[in-house]
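Work through the exercises below with the model open. Try each task before reading its solution.

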Amino acid sequence: MALPLSILDLAVIGEEETAADSLAASVALAQRAEELGYRRVWYAEHHNMPSIASSATSVLIAHVAAHTRTIRLGAGGVMLPNHSPLTIAEQFGTLETLHPGRIDLGLGRAPGSDQQTMRALRRTPSSADSFPEDVLELQGYLRGESRIPGVDATPGKGTDVPLYILGSSLFGAQLAAALGLPYAFASHFAPTALEEAVALYRRDFKPSVQLDRPYVIAALNVIAAETSEEAQEQFLASKRLRVSRFLGRGRTFTPEEADMILDSPAGRQIVQMAKYSAVGDPAEVKDYVGRFAEHAGADELIVAFSAPDRKAGLRSAELLAEAHGL
């Protein structure tokens, strides 16, 4: 059986698009992913980012779930220090009650925003310090074993929504291992610590009620096209878009300007973020995905389709599913 494939939908708002366009595209992608045999689609919590529409993650999951039938949907992830554990237990308990057996809850400790937005979220720099305790409090609500006497999540109590720890460093690997939870590594944009984090997680894993053995989800970027040349053109266009997104501060660069920036130290850092990218025709992408899965020691892969436009991204999903044997 082929290694399970899932999708990380970044809910990007493209040029000359609205947030409504992005959300409609997320529904269409999830519906097609369901048809193709992908295991799950996850959405990440970001704030104050004009190019990303998934800030209200649980609301987006609810909308997509109402327009699909079987595919698992979840957060990849909720940035838990931005919220009270009780609130997230109620939100995801409600989702699980409405769509039983289809909801995942991935948890991260990063702000998903800048310092100014952190203040607007009423979050302090020390909020992340209580992340392990907050995960346990949230888990207690969902299991019906509240750690706060007299306080239960309704809906939520007894739903046992499965938790996943997200990370791009050794901290998340250590926590996931200690709590006996699945671990998802953000190697699609933070590739540096992948091997070390996975090795640590597998070495230190302690079985739990949720999970009896380690389970690793590794993320990568994919651009699949009919020809290798077409895929490489899309990859270059996507890197140019990243330059504008990360360094533009509201302005858009010409292709020539973007290429000059890509040759600079800041640009090379953006290129390094996309280190794990499968780019090419279906055979090339299939080969890369297989080698990456082995390199990452992954039990499942979650893919960000980084083509520069919606049609190309959807085609990547179709070509990858066919090549991978979903």
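The exercises go from single helices to helix pairs, then to single residues and backbone details.

This is a predicted model, in which local features need pLDDT of at least 70, side-chain atom pairs count only at pLDDT 80 or more, and totals for chains, interfaces and linings use all residues. Residues are numbered from 1 along each chain as its sequence is written, and side-chain values use heavy atoms, with hydrogens and water left out.

**Exercise 1. Helix α1**

Task: Find the span of α1, its buried residues and what covers them.

Solution. 
- Step 1. Locate the helix: α1 covers residues 19–36, 18 residues in total. Helices (H or I, at least four residues) and strands (E, at least two) are DSSP runs, numbered from the N terminus.
- Step 2. Check the span. From first C-alpha to last, α1 reaches 26 Å, close to the 26 Å expected at 1.5 Å a residue. The expected span is 1.5 Å times one less than the number of residues.
- Step 3. List the buried residues: Ser22, Ala25, Ser26, Val27, Leu29, Ala30, Ala33, Glu34 and Leu36. Buried means under 20% relative accessible area, exposed over 50%, partly exposed in between (1.4 Å probe, protein chains only).
- Step 4. Look at the cover, which includes β1 (5–9), β2 (40–43), α2 (57–66) and α12 (310–324).
- Step 5. Step past the end. Gly37 follows α1 and has a positive phi, near 100°.

**Exercise 2. Helix α12**

Task: Describe α12 from its start to the residue just after it.

Solution. 
- Step 1. Begin at the start of the helix. There a side-chain oxygen of Asp309 comes to within 3.1 Å of the backbone nitrogen of Lys311.
- Step 2. Take the span. α12 has 15 residues and reaches 21 Å, close to the 21 Å expected.
- Step 3. Pick out buried residues, among them Ala312, Gly313, Ser316, Leu320 and His324.
- Step 4. Name their partners: β1, α1, β7 (216–224), α8, α11 and β9 (300–305).
- Step 5. Gly325 takes a positive phi of about 85°.

**Exercise 3. Two helix pairs**

Task: Classify the packing of α8 with α9, and of α7 with α11.

Solution. 
- Step 1. Two packed helices are described by the angle between their axes and the distance between the axes. Axes are lines fitted to C-alpha atoms, for helices over the stretch in contact, and angles run from 0 to 180 degrees between N-to-C directions. Angles under 35 degrees count as roughly parallel, over 145 as roughly antiparallel, 65 to 115 as roughly perpendicular and the rest as oblique.
- Step 2. α8 (residues 228–247) and α9 (residues 255–262) pack at about 80°, with axes 9 Å apart. Therefore α8 is roughly perpendicular to α9.
- Step 3. Find the contact (heavy atoms within 4.5 Å). α8 gives Leu236, Lys239, Arg240, Val243 and Leu247, while α9 gives Pro255, Ala258, Asp259, Ile261 and Leu262.
- Step 4. α7 (residues 194–204) and α11 (residues 282–296) pack at about 55°, with axes 9 Å apart. So α7 is oblique to α11.
- Step 5. Here the contact joins Leu194, Glu195 and Val198 of α7 to Phe292, His295 and Ala296 of α11.

**Exercise 4. Ser228 and Leu175**

Task: Are Ser228 and Leu175 buried or exposed, and what do they touch?

Solution. 
- Step 1. Ser228 is in α8. Its relative accessible area is 18%, so Ser228 is buried.
- Step 2. Beyond neighbours within four places in sequence, Ser228 contacts Gly280, Asp281 and Glu284. A polar contact of 3.1 Å joins the side chains of Ser228 and Glu284. Such a contact is a pair of N or O atoms within 3.5 Å; within protein, one must be able to donate a hydrogen and the other to accept it, and residues adjacent in sequence count only if both atoms are side-chain atoms.
- Step 3. Leu175 lies in α6 (residues 170–179). At 9% relative accessible area, Leu175 is buried.
- Step 4. With neighbours within four places in sequence left aside, Leu175 contacts Phe131, Pro132, Val135 and Ile165.

**Exercise 5. Backbone details**

Task: Which peptide bonds are cis, and where do Ala11 and Asp160 lie?

Solution. 
- Step 1. The bond from Gly76 to Gly77 is cis, with omega near 10°. Gly77 is in strand β3 (residues 72–79).
- Step 2. The bond from Thr154 to Pro155 is also cis, with omega near -10°. Pro155 lies in the loop between α5 (131–143) and β5 (163–167).
- Step 3. Ala11 is not a glycine, yet has a positive phi of about 50°. Ala11 sits in the loop between β1 and α1 and is buried, at 1% relative accessibility.
- Step 4. Asp160 has a positive phi near 50°. Asp160 is in the loop between α5 and β5 and is partly exposed, at 47%.
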